[in-house]
Amino acid sequence: MSCMQKLDVPANSPEPKWTRRCLNCKNRVHNCCPSCRYDLGNIRCLALERFAESLELPCKYHSLGDIPTLIAHLKDDHKVDMHDGCTFNHRYVKLNPHEVENATWMLTVFKCFGKQFCLHFEAFQMGMAPVYMAFLRFMGDDSEAKKFSYCLEVGANGRKLTWQGIPRSIRDSHRKVRDSQDGLVVQRNLALYFSGGDRQELKLRVTGRIWKEA
């Protein structure tokens with residue numbers, strides 16, 4: 001089949017990422033296809049890998065209502081970066097950005113004004129156009145979120161894009177925030193231009209700050 005690729009991995013080479021991703025499921029089905037019962041072997045299905053990368057599955061703890069418990073869960077189980085302060089300066093680097101779709105690349109939680117905010121940075125398809133998007137969510141209710149504002153900036157080579165808005169409540173679904181484009185949206189071609197070089201690697205610096213409205 002054209003979508004199957006045989007891999008010959010040297011014994012002393014690092015374990016490839018696809019092996020780690022597939023290993024748990026292969027063990028559960030005893031290395032046999034659940035449909036046809038044929039042995040899976042040491043092969044990969046590129047078509048299914050791309051399909052799996054496009055899926056958005058909610059965290060099984062997404063219904064957590066207690067914010068301190070949610071913060072602890074993000075820190076302990078998801079290993080999310082935690083920072084103190086109301087300003088941020090992040091550099092996102094990704095090899096082969098043309099191959100990445102529907103991927104959350106970075107999630108960072110900030111403690112600011114005694115509250116927590118979550119900065120998202122991700123890639124997805126907007127219609128036929130691949131884009132990157134950064135946006136801020138407030139770890140609490142919408143009524144509290146409206147007491148704050150934030151700005152984001154990205155650019156290089158004498159050009160920049162800026163965004164200013166109100167953080168969305170964590171109570172709003174991730175898809176709702178993303179689909180409303182309520183954040184800094186950068187077309188992939190422009191993001192790669194900002195990155196410089198041969199446009200084969202994403203090197204994007206996003207800066208911003210959070211402030212409390214009077």
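This is a predicted model: local features need pLDDT of at least 70, side-chain atom pairs count only at pLDDT 80 or more; totals for chains, interfaces and linings use all residues.
Select Ser-195 to begin. Its relative accessible area is 14%, so Ser-195 counts as buried, and in the secondary structure the residue belongs to helix 6, which covers residues 188-195. If residues up to four places away in sequence are not counted, Ser-195 touches Glu-201, Leu-202, Lys-203 and Leu-204.

Extending the selection to whole strands, you find strand 4 and strand 12 (residues 201-212) paired in the antiparallel sense over nine bridges.

Now display the sheet to which these strands belong, an open sheet of four strands in the order 4-12-8-9, with antiparallel pairing. Strand 4 (87-95) and strand 9 (159-165) stand at its edges, and because each has a single partner strand, one side of each is left without a neighbour in the sheet. On average, and with direction ignored, neighbouring strands of this sheet are turned by 20 degrees against each other.

Finally, bring helix 6 back into view over the sheet, on which helix 6 packs by touching strand 8 (148-156), strand 9 and strand 12. Looking along both elements, you will find that the direction of helix 6 makes about 100 degrees with that of strand 12.

Terms used. Residues are numbered from 1 along each chain as its sequence is written. Side-chain values use heavy atoms; hydrogens and water are left out. Helices (H or I, at least four residues) and strands (E, at least two) are DSSP runs, numbered from the N terminus. Buried means under 20% relative accessible area, exposed over 50%, partly exposed in between (1.4 Å probe, protein chains only). Contact means heavy atoms within 4.5 Å. Two strands pair if DSSP finds at least two bridges between them. Axes are lines fitted to C-alpha atoms, for helices over the stretch in contact, and angles run from 0 to 180 degrees between N-to-C directions.
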